[in-house]
Amino acid sequence: MAAGEPGDLGVYSFRFLPQKTFQSLSTPQTTSRLRQWSMLGRIEAQAFGFDQTFQTYRKDDFVMAFFKDPNVIPNLKLLSESSGEWLTLGTEVKKVEAINVPCTQLSMSFFNRLYDEAIVRDNGYIVKCLDSFCDPFLISDELRKVLLVEDSENYEVFSQPDREEFLFCLFKHLCLGGALCQYEDVINPYLETTKLIYKDLVSVRKNPQTKKIQITSSIFKVTAYDSVGVCYPSTKSHEQTFSYFIVDPIKRHVHVLYHCYGVGEVS
């Protein structure tokens with residue numbers, strides 16, 4: 001069989017899909033929220049297509065091929081730590097890490113327990129608490145306690161498998177925001193924005209046999225290294241600096257959701 005023919009375990013090749021836009025990140029309402037959360041201008045979603053059957057067990061090959069692809073290198077965006085400007089990769093990736101992120105949640109009822117456990121009041125207001133720090137985050141309400149403080153009484157409300165879910169990760173990233181994040185008093189903006197972005201990035205289909213909706217995307221949290229050390233998503237590591245690859249094996253698309261922690265656009 002010649003290299004590149006269907007069924008060949010050759011190298012994946014990619015193409016940039018600039019025409020694919022992510023409405024969830026660009027609506028006026030989301031823009032205004034991201035500005036308040038100090039993430040505007042520092043969060044980006046991009047789409048790429050690929051040419052072969054995606055196999056989850058080959059995720060490392062897939063991600064390495066992505067970073068070496070001539071259509072990815074000049075198009076994949078990241079923020080410079082020093083200048084704060086958007087750049088493209090500009091360095092040779094030597095090693096990758098792709099951590100599998102479970103993605104099974106189909107409903108926002110996943111977060112109803114925040115009401116049940118009195119972290120959020122029935123009217124949507126987040127219950128306040130005495131200020132404390134969980135470096136580098138200020139904790140001034142019960143929601144941030146649940147997200148960050150492992151020995152707080154409500155931490156158990158979300159189990160470890162719950163916390164690994166992509167839906168939870170996305171929600172947590174939006175709640176914690178950027179360097180000058182202004183926290184919301186009510187839960188709704190976080191839930192609404194999480195839902196919009198999740199639906200925009202994750203692919204679903206109806207199972208022909210069971211007629212049930214199922215998620216078809218595979219998700220990986222990605223880090224890349226050059227000869228010096230970590231080069232992507234940033235040379236500096238931070239809980240709020242991330243890149244998720246959301247792979248749709250049916251359409252053969254990969255959506256890249258990227259954020260680099262810092263001070264977002266203000267005006």
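Predicted model: local features only at pLDDT ≥ 70, side-chain atom pairs only at ≥ 80, totals over all residues.
Local features here need pLDDT of at least 70 and side-chain atom pairs count only at pLDDT 80 or more, while totals for chains, interfaces and linings use all residues. Numbering starts from 1 along each chain as its sequence is written, and side-chain values use heavy atoms, with hydrogens and water left out.

**View A. The largest pocket holds about 370 Å³ of space.** A pocket is an open set of points on a 1 Å grid over the protein atoms alone, where a 1.4 Å probe fits, with protein on both sides within 12 Å along at least five of seven lines. Its volume is the space filled by probe spheres set on the points, which are joined across faces, edges and corners. R163, C169, K172, K221 and E239 lie nearest the centre.

**View B. The pocket lining has 19 residues.** Lining residues have an atom within 4 Å of a point. By class, 9 are nonpolar, 4 polar and 6 charged. α7 gives the most, with 4 residues; β5, α5 and α6 each supply at least two.

**View C. The largest nonpolar core has 51 residues.** Such a core joins buried Ala, Val, Leu, Ile, Met, Phe, Trp, Tyr and Cys through side-chain atoms within 4.5 Å, buried being under 20% relative accessible area with a 1.4 Å probe, protein chains only. Here α7 turns up again, with the largest share at 9 residues.

**View D. Another core, of 29 residues, lies apart from the largest one.** Look for F54, F66, F220 and V222 among its members.

Key:
Nonpolar A, V, L, I, M, F, W, Y, C, P; charged D, E, K, R; others polar. Buried < 20%, exposed > 50% of the residue type's maximum accessible area, 1.4 Å probe, protein only.
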